Amino acid sequence: MRRILKILAWVTSISFVGLSCWLGKEVPFEKQWPLFEALRTTASIIFAVVGAWIAIVYPERLKLSFMDEGTVNNKNNQTGLSRLFSPVVHSTAILCIILVIGVIAPLVKIFPFVLEYKAQLRGVSYGALVALTLWQLWTVVLTLVPADIIKTMTDREDERNKLVEGYSKQSSKE
């Protein structure tokens, strides 16, 4: 079932990007750029928030990361850190792509032969915007995973404490 959902998500995303490339030919870049800026802002926020999460949840691991390799014990590697780090990597990649687009777009406009393909390039730009937005949406979902893990572990601990409390009350009555 999970595989089917994954395939369905990919097919839907690719279809949506393709449709955006086709329909985006009519959207001038000046109207697209504010959307790129909003996406850049979102990626920056996620980068900052998840970076703060890492600093709060794994302060010792961060200290070890900057030590010499000889002094770091491999047993200190924590798999939860990779779950937190993944959205940072994705947001960084999205930020880099948007920054490059922001630098290249004005330069591309000065070449006369590019004007022949203006509509197609608008479509490609809009398709890239939609692809980056979908990627950022996935990154936002990834930021929820650590919070869900913490909630699940807290719920389990609460249940265990209630169970222990119940046994303690029961044994004190006897």
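# Close-up views of a predicted model

Phe113 is exposed, with a relative accessible area of 54% (exposed means over 50%, buried under 20% and partly exposed in between, with a 1.4 Å probe and protein chains only). This model is predicted, so local features need pLDDT of at least 70 and side-chain atom pairs pLDDT 80 or more, while totals for chains, interfaces and linings use all residues. Residues are numbered from 1 along each chain as its sequence is written, and side-chain values use heavy atoms, without hydrogens and water.

View 1. Rings of Phe, Tyr and Trp (its six-membered ring) pair with centres within 6.5 Å; planes under 30 degrees apart are stacked, over 60 edge-to-face, and the rest tilted.

View 2. Look for Ile110 in the loop between helix H4 (79-108) and helix H5 (118-173), where Ile110 is exposed at 61% relative accessibility. Helices (H or I, at least four residues) and strands (E, at least two) are DSSP runs, numbered from the N terminus.

**View 3. Glu30 and Lys109 join side chains in a salt bridge.** The N to O distance is 2.8 Å, inside the limit of 4 Å between a side-chain nitrogen of Lys or Arg and a carboxyl oxygen of Asp or Glu. Glu30 sits in helix H2 (residues 29-57) and Lys109 in the loop between H4 and H5, so this pair, 79 residues apart, links distant parts of the chain. Glu30 is exposed at 55% relative accessibility, and Lys109 is partly exposed at 43%. The model has one salt bridge by this rule.

**View 4. Eleven residues make up the largest nonpolar core.** Its members are Phe29, Trp33, Phe36, Leu39, Ala43, Ile94, Leu95, Ile98, Ala105, Leu129 and Leu132. A core is a set of buried Ala, Val, Leu, Ile, Met, Phe, Trp, Tyr and Cys residues joined through side-chain atoms within 4.5 Å. H2, H4 and H5 each supply at least two residues, and H2 gives the most, with five. Phe29, Trp33 and Phe36 also form one aromatic cluster. A second, separate core of six residues includes Ile46, Val50, Ile54 and Leu84.

**View 5. Leu132 is a buried residue of helix H5.** The relative accessible area of Leu132 is 5%. Leaving aside neighbours within four places in sequence, Leu132 is in contact (heavy atoms within 4.5 Å) with Phe36, Leu39, Ile94, Ile97, Ile98 and Ile101. Leu132 and Val17, 115 residues apart in sequence, are 9.6 Å apart in space, C-alpha to C-alpha.

**View 6. Gln32 is buried in helix H2.** Its relative accessibility is 0%. Beyond neighbours within four places in sequence, the contacts of Gln32 are Gly24, Val27, Arg122, Ser125, Tyr126 and Leu129. Ser125 is also touched by Phe29.
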